[in-house]
Amino acid sequence: MAVKIRFARLGCKHRPFYRIVVADSESRRDGKFIQVVGFYDPLAAKEDTKKMSLNYDRAKYWLSVGAQPSDPVRRILMQAGLIEPPSMVVMARKGGEGGSNDDQA
């Protein structure tokens, strides 16, 4: 049984409201879940305290047991500091190690 941390949609038409739930990966989006970990309201103001709530202890527990977050939930967990952001890849220049083209002229 693979466990996912993902959104379950609530609210009415054109007014979404999401619960952050821990569920079996094969259950439906709004179907059976194991535990509610928090909520997310995308229409709330950015400064509003009711935009997002997360139970850090339970989220940390489920991540430690191997639950995989979905991409939107991964962004929220990164903002909360529970997951480290992916490392940035630095690409080398096409011409090689040289930084500028001034020495060629």
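**View 1. What helix 2 packs against.** The buried residues of helix 2 pack against strand 1 (3–12), strand 2, strand 3, strand 4 (52–54), helix 1 (56–65) and strand 5 (68–69). Here helices (H or I, at least four residues) and strands (E, at least two) are DSSP runs, numbered from the N terminus. Buried means under 20% relative accessible area, exposed over 50%, and partly exposed in between (1.4 Å probe, protein chains only). This is a predicted model, where local features need pLDDT of at least 70 and side-chain atom pairs count only at pLDDT 80 or more, while totals for chains, interfaces and linings use all residues. Residues are numbered from 1 along each chain as its sequence is written, and side-chain values use heavy atoms, leaving out hydrogens and water.

View 2. Look for Val-73, Ile-76 and Leu-77, which are buried. They lie on the same side of helix 2, because they cover an arc of only 100° around the axis (taken from the directions from the helix axis to the C-beta atoms). Turned away from that buried side are the exposed residues Asp-71, Arg-75 and Gln-79. After helix 2 comes Gly-81, with a positive phi near 90°.

**View 3. Ser-27 and its partners.** Find Ser-27 in the loop between strand 2 (15–24) and strand 3 (35–40). Ser-27 is buried, at a relative accessible area of 18%. Its side chain makes a polar contact with the side chain of Arg-6 (2.8 Å); such a contact is a pair of N or O atoms within 3.5 Å, and within protein one must be able to donate a hydrogen and the other to accept it, with residues adjacent in sequence counting only if both atoms are side-chain atoms. A polar atom of the Ser-27 side chain also lies 2.9 Å from the backbone oxygen of Asp-24.

Note on methods: Contact means heavy atoms within 4.5 Å.
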